[in-house]
Amino acid sequence: MSPKRREIGIDQICNLISLETKNNPKTIRKILEATYSVILKQLELNDRIYFYNFGAFEISERPGGDKRMGDPVNGGTIVRYIKPKNMITFLPSSVFDKAVNEGNFQPPPTKRKPYKKSQVRMMKEYYKRNKVDNKPTVEEILVKALNVSQARKTDDKWEIEQEVKRMERDNNYDEAEV
């Protein structure tokens, strides 16, 4: 497994550039900040900035408008207005893209959210893991359902018989007192 990746901040970038160019890291930091401000100013004036053998920064507008969203309270839909927004995209040059793809670069490991398994999926995995072949068939399920309903009917008959006996007993006591 590859070592854990971490982000590199502006200080680390300045130190790495200063090692390559043999300049002071403070000077490198001022140059990077000036580059950042110049890029923003030029993007404000133009829609695109291109760096040779690196890539291009472009500004594109994400259109606004009405968007339908689900309403969790009422269960219906809500229409909300979304403002248009400027987006910055980076398009790498073919030289930069080729260098990354032909180099020994490895993407960072993806973090996946654990998903909740449905009851059906859990049962399928259980049957597969335990190799249970005696799953009930449709006929067996119907027989069980019929047996339960018959048992209920017989219980009802038994309750009716008990009630009749109780009434007869109560009538016998009433006749004995008279």
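Modeller: Let's start with a pair of side chains: R29 and E33 meet in a salt bridge, at 3.3 Å from N to O. Keep in mind that this is a predicted model.

Colleague: What makes the contact of R29 and E33 a salt bridge?

Modeller: The rule asks for a side-chain nitrogen of Lys or Arg within 4 Å of a carboxyl oxygen of Asp or Glu. R29 and E33 have their N and O at 3.3 Å, so the pair passes the 4 Å cut-off. R29 and E33 are 4 residues apart in helix α2, which means about one helical turn separates them.

Colleague: Why is E33 called partly exposed?

Modeller: Buried means under 20% relative accessible area and exposed means over 50%, with partly exposed in between. E33 has 44%, so partly exposed is the label. R29, with 30%, is partly exposed too.

Colleague: How many salt bridges does the structure hold?

Modeller: It holds 3. One of them joins the side chains of R48 and E58, at 2.3 Å from N to O. Here, too, distant parts of the chain are linked: R48 is in strand β1 and E58 in strand β2, 10 residues apart. R48 is partly exposed at 44%, and E58 is partly exposed at 23%.

Colleague: What makes D11, R29 and E33 one network?

Modeller: They are joined by salt bridges that share partners. R29 meets D11, and R29 meets E33.

Colleague: On to the strands. What is the order of the strands in the open sheet?

Modeller: The sheet has 3 strands in the order β1-β2-β5, with antiparallel pairing. Strands β1 (48–51) and β5 (85–92) each have a single partner strand, so they stand at the edges, and one side of each is left without a neighbour in the sheet. On average, neighbouring strands of this sheet are turned by 20° against each other, direction ignored.

Colleague: How do you know that β2 and β5 pair?

Modeller: Pairing takes at least two bridges. Strand β2 (residues 55–62) is joined to β5 by 8 bridges, so the two strands pair, and they run antiparallel. R62 stands opposite K85 in β5.

Colleague: Which helix lies across β1, β2 and β5?

Modeller: Helix α2 (residues 25–45), running at about 135° to β1.

Colleague: And the surface? Which residues make the nonpolar patch?

Modeller: I8, I13, L16, I17 and L19 make a nonpolar surface patch of about 450 Å². L19 sits in helix α1 (residues 10–21).

Colleague: Why does L19 count as exposed?

Modeller: Exposed starts over 50%. L19 has 64% relative accessibility, so it counts as exposed.

Colleague: How many helices and strands are there in the protein, then?

Modeller: There are 5 helices and 5 strands, following the pattern α-α-β-β-β-β-β-α-α-α along the sequence. Of the 178 residues, 7% count as buried. The accessible surface comes to about 17,000 Å², with 56% of it belonging to carbon and sulfur atoms.

Key:
Residues numbered from 1 in each chain as written. Predicted model: local features only at pLDDT ≥ 70, side-chain atom pairs only at ≥ 80, totals over all residues. Heavy atoms only, no water. Patch = residues over 30% accessible without salt bridge, like charges linked within 9 Å, V, L, I, M, F, W, Y side chains within 5 Å. Areas by Shrake-Rupley, 256 points an atom, 1.4 Å probe, with all protein chains shown as cover. Buried < 20%, exposed > 50% of the residue type's maximum accessible area, 1.4 Å probe, protein only. Axes fitted to C-alpha atoms, helices over the stretch in contact; angles between N-to-C directions. Contact = heavy atoms within 4.5 Å.
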